[in-house]
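Please look over the sequence and the structure shown below. The report then takes up selected parts in turn.

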Amino acid sequence: MAVYSTSEFRSGLKVMIDNDPYAIIENEFVKPGKGQAFNRVKIRNLKTGRVIERTFKSGETLEGADVVDVEMQYLYNDGEFRHFMVNDTFEQYQADEKIVGDAAQWLKDQDMCTVTLWNDSPLGVTPGNFVELEIVETDPGVRGDTSGGGGKPAKLATGAVVRVPLFVQTGEVIKVDTRTGEYISRVKE
Amino acid sequence: MPSDWQPSCTMELLKLRARLLGQIREFFAGRNVLEVETPLLGHGMGTDPQLDFFTSQYDLPPKRQTLFLQTSPEFAMKRLLAAGSGSIFQICKAFRNGEAGRYHNPEFTLLEWYRIGFDLTRLMDEVEALFAVLMADLGLGPTERIGYRDAFFARTGLDPLAFDFASYSSYAEAEGLPEAADLCGNDPVLWLDFLFSHRVQPSLGDNVLTLIYDYPACQSSLARLNAENPLVTERVELFINGVELGNGYHELAEPAEQEQRFDRELALRRQRGLPVAGKDQRLLAALDSGLPDCSGIAIGLDRLLMLLSKSPAIDDVLAFPIGKA
């Protein structure tokens with residue numbers, strides 16, 4: 001793997017620190033006029049998601065982390081693992097609930113998503129920005145209400161619960177923004 | 001055709017810079033301080049292990065010489081002082097290799113001046129008077145003068161003149177800087193640089209000009225040791241809103257002491273595998289012939305412009321920062 005010096009630190013660069021893969025979020029060059037230069041960086045631990053700050057002496061080097069984002073199709077859940085496949089190569093990967101995390105509530109069979117691989121094993125899963133899911137349970141809305149004001153909770157086929165307008169009914173398919181968990185629209189079949 | 005030919009800064013900033021330069025020239029003209037120019041390209045270079053110089057080739061057949069872009073005009077200006085120039089100032093570019101960031105561009109503009117017969121207190125008075133003119137629009141509060149030791153102690157509870165690994169590292173650990181112990185080890189100079197820039201400097205000069213003086217002796221290569229307390233030097237640094245703006249000294253005039261400090265820095269350079277620098281023999285000869293008692297200071301004008309225009313990055317005040325130069 002490549003080795004990066006502090007002068008190559010950029011937002012998005014993936015590096016190894018204390019045996020964990022991290023992504024650099026921000027890098028600030030700190031140098032007193034008459035003194036040692038430092039690089040103060042804000043970094044995200046790609047295993048835990050935790051963001052911390054760390055200072056390096058300018059000129060120090062870090063080993064790059066072999067972390068890549070790969071587009072994959074979500075196949076199925078066998079109860080213990082979720083299974084994904086790279087469409088071009090048919091290569092399959094499995095990830096447990098701990099790795100899939102919150103993404104699980106948006107994963108529908110056959111949908112495309114992004115799997116982050118570290119040394120070729122899944123580190124995390126990011127669903128597409130928008131997913132289309134069927135409502136399996138919601139209170140019947142008030143007839144005639146089409147404004148969407150107020151809203152009510154609706155349970156989706158994947159288990160996620162989102163707020164939807166009162167006129168949306170069980171059995172309908174809706175489009176949701178997975179980044180905010182917000183209802184966008186109904187999807188015409 | 002490249003699309004990045006346009007300047008980084010606005011036309012307003014070009015005008016602000018021009019106004020600043022005019023105000024500085026007027027200020028010093030009113031005080032009979034002579035404006036001078038010294039070479040940006042020279043045979044000598046600073047030995048400070050923390051400053052990396054640019055190297056260039058001068059072809060004049062049959063000779064090929066290595067010349068250096070100056071990291072500061074200090075040595076050349078001291079030669080003028082030793083030759084009898086009287087008090088002088090200069091506005092020039094300075095070059096520092098490898099320095100780029102929110103507050104750094106490898107080529108930047110300095111104001112540097114020297115006052116014959118001034119001690120550090122009188123120099124600080126003059127800095128205050130200059131800032132009252134240049135920064136008038138900012139409505140700063142009354143200038144603060146704080147000793148390094150007091151400023152450091154007030155913010156960290158540590159004594160910068162008495163290094164103690166155990167208390168320094170437990171402070172850093174408690175402050176969320178666990179990497180400090182590994183990074184700084186048993187090097188008190190590095191500890192001071194680290195803790196000062198991470199935990200002291202950011203809170204200095206909250207909408208006021210703060211002058212920090214009496215730096216620990218290990219933190220200054222060209223300042224005099226304080227006659228009453230040899231643990232500190234007659235050095236001053238300027239801060240507004242946590243930004244370091246300048247650095248001044250009651251200048252060291254003793255050639256033997258200067259040469260010893262050069263030798264120490266050269267040894268450090270060798271130890272760290274840094275490019276080998278030579279002692280500036282012409283500076284030593286000038287000191288030998290006699291540097292008048294004086295104080296001098298350098299101020300980064302790009303950073304002053306950042307403050308005046310409330311710009312978050314140095315690129316915003318430069319016509320063409322290094323990426324577009």
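## Contact between chains A and B

The model is a predicted one, and the description of its contact rests on computed positions. Chain B contributes 18 residues to the contact and chain A contributes 15 residues. On the side of chain B that touches chain A, the elements giving two or more residues are α7 (188–200) and β10 (243–250) of chain B, and the largest share, 5 residues, comes from α7(B). Sorted by class, that side of chain B holds 4 nonpolar, 9 polar and 5 charged residues.

## The open sheet of chain A

In chain A, 5 strands form an open sheet with antiparallel pairing, in the order β9-β8-β7-β10-β11. Because β9 (92–96) and β11 (121–127) of chain A stand at the edges and each has a single partner strand, one side of each is left without a neighbour in the sheet. From one strand to the next, the twist averages 45 degrees.

The pairing of β9(A) with strand β8 (residues 81–85) of chain A is antiparallel and runs over 5 bridges. Within this pairing, M85(A) stands opposite Q92(A), a residue of β9(A).

## β10 of chain B and its partners

The strand β10(B), which gives two or more residues to the side of chain B that touches chain A, is mostly covered, with 7 of its 8 residues buried. It pairs in the antiparallel sense with strand β9 (residues 232–240) of chain B over 6 bridges, and here G248(B) in β10(B) is the bridge partner of V236(B). The hairpin of β9(B) and β10(B) has 2 residues between the strands, and N241(B) takes a positive phi near 50 degrees in this hairpin.

β10(B) is also joined by 5 bridges to strand β11 (residues 294–300) of chain B, again in an antiparallel arrangement. In that pairing, N247(B) stands opposite A298(B) of β11(B).

## Helix α2 of chain B

Helix α2 (residues 74–82) of chain B is likewise mostly covered, since 8 of its 9 residues are buried. The buried residues include E74(B), K78(B) and R79(B), as well as F75(B), M77(B) and L81(B).

The cover over the buried residues of α2(B) includes β2 (41–42), β5 (88–95), β6 (107–116), α9 (281–290) and β11 of chain B; β11(B) is also the strand that 5 bridges join to β10(B). Just after α2(B), G84(B) takes a positive phi of about 100 degrees.

Definitions and conventions:
Residues numbered from 1 in each chain as written. Chains lettered and ligands numbered in written order. Predicted model: local features only at pLDDT ≥ 70, side-chain atom pairs only at ≥ 80, totals over all residues. Contact = placed C-beta atoms within 7 Å. Helix = DSSP H or I, 4+ residues; strand = E, 2+ residues; numbered from the N terminus. Nonpolar A, V, L, I, M, F, W, Y, C, P; charged D, E, K, R; others polar. Pairing = 2+ DSSP bridges. Axes fitted to C-alpha atoms, helices over the stretch in contact; angles between N-to-C directions. Buried ≥ 20, exposed ≤ 12 C-beta atoms within 10 Å, placed from the backbone.
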